[in-house]
Amino acid sequence: MAASDFLPLPSEAVDRRIAQRLGQLRGEHEWSLDDLAERTGISRATLSRIERSELSPTAAMLGKLCTTYGWTLSRLMADAECPAPSLVPAKEQAIWTDPESGYRRRAVSPPAPELRGEVVEVRIPAGATVSFEASPVAGLEHHLWMLSGALTLDVESTTHRLHAGDCLRYVLAGPARFRASGKRAARYVIAMVRP
């Protein structure tokens, strides 16, 4: 199936779900917007607009928020209120697009409380870069399988160059930078296993 063959949930619905869940998480931690701003380095005003679905956060912002809460982006995208189904039909798989870089992330097999693994499909436009300052969960195991295009991946201080068919296994503990380094979009699948 080509990347363009699936029908995503409307991006507004995914953005609303993310915003709602971020507000709930802040409430569960009993943090004020000022507390969260101090922990993430994101301004109070921006955090407020994100939680009210007035602003779609960038991948960098979500990375900081997920790290602060110890959640993966896929877990944030998943509907935390519903029990995890065994079958996740393609039309129900949530898709989120970074408004800054065009990075698109599809929660193919979203996380579930009783399971440690999840699978995401990612597409990064040619020449685009997405960086994360830290792993959302320390010791998060990744198995990245390239489907098409080329990717340059910096994990902490090591640079990897991947092409279609390559698979890279690593444990994410620090910063990571993903760059679509070919003439076309980089498309890959990541299987993640929480420690």
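This note goes through the sheets, the helices and the core of a predicted model.

1. Basis. The model is predicted, and local features are reported at pLDDT of at least 70, side-chain atom pairs only at pLDDT 80 or more, while totals for chains, interfaces and linings use all residues. Residues are numbered from 1 along each chain as its sequence is written, and side-chain values use heavy atoms, with hydrogens and water left out.

2. The six-stranded sheet. An open sheet is formed by 6 strands in the order β1-β2-β3-β10-β5-β8, with antiparallel pairing. Strands (E, at least two residues) and helices (H or I, at least four residues) are DSSP runs, numbered from the N terminus; two strands pair if DSSP finds at least two bridges between them. The edges are taken by β1 (95-97) and β8 (167-172); each has a single partner strand, so one side of each is left without a neighbour in the sheet. From one strand to the next, the twist averages 20°. Angles of this kind run from 0 to 180 degrees between N-to-C directions, and axes are lines fitted to C-alpha atoms, for helices over the stretch in contact.

3. Strand β5 and its partners. β5 (residues 140-148) is joined to β8 by 6 bridges, and the two run antiparallel. In this pairing Leu140 stands opposite Leu172, and His143 stands opposite Arg169. Strand β5 is also joined to β10 (residues 186-193) by 7 bridges, again antiparallel.

4. Arg169. This residue is found in strand β8. Arg169 counts as exposed, at 65% relative accessibility. The classes are buried under 20% relative accessible area, exposed over 50%, and partly exposed in between, with a 1.4 Å probe and protein chains only. Not counting residues up to four places away in sequence, Arg169 touches His142 and His143; contact means heavy atoms within 4.5 Å. The C-alpha atoms of Arg169 and Glu141 are separated by 7.6 Å, although the two residues are 28 apart along the chain.

5. The four-stranded sheet. A further open sheet has 4 strands in the order β4-β9-β6-β7, with antiparallel pairing. Its edge strands are β4 (129-132) and β7 (158-163), each pairing on one side only. The twist in this sheet averages 15° from one strand to the next. Strand β4 is joined to β9 (residues 176-180) by 4 bridges, and the two run antiparallel. Phe132 stands opposite Ala176 in β9.

6. The nonpolar core. The largest nonpolar core has 48 residues, and those with the most contacts inside it are Leu144, Phe178 and Tyr188. Such a core is a set of buried Ala, Val, Leu, Ile, Met, Phe, Trp, Tyr and Cys residues joined through side-chain atoms within 4.5 Å. Helix α4 (residues 59-69) gives the most to this core, with 5 residues.

7. Helices α2 and α3. The axes of α2 (residues 33-40) and α3 come within 9 Å and cross at roughly 110°. That makes α2 roughly perpendicular to α3. The angle classes are roughly parallel under 35 degrees, roughly antiparallel over 145, roughly perpendicular from 65 to 115, and oblique for the rest. The crossing of α2 past α3 is right-handed, which means that the near helix is turned clockwise from the far one by less than a right angle (left-handed if anticlockwise). Leu33, Asp34, Leu36, Ala37 and Thr40 in α2 meet Arg44, Leu47, Ser48 and Glu51 in α3.

8. Helix α3 and Thr46. The buried residues of α3 are Thr46, Leu47, Ser48, Ile50 and Glu51. Thr46 has a relative accessible area of 18%. Beyond its neighbours within four places in sequence, Thr46 is in contact with Leu55 and Met61. Ser53 follows α3 and has a positive phi, near 60°.

9. Helices α2 and α4. The axes of these two helices come within 10 Å and cross at roughly 105°; α2 and α4 are therefore roughly perpendicular to each other. Leu36, Arg39 and Thr40 of α2 make the contact with Lys64, Leu65, Thr68 and Tyr69 of α4. In α4, the buried residues include Ala59, Leu62, Gly63, Leu65, Cys66 and Tyr69. Gly70 follows α4, and its phi is positive, near 70°.
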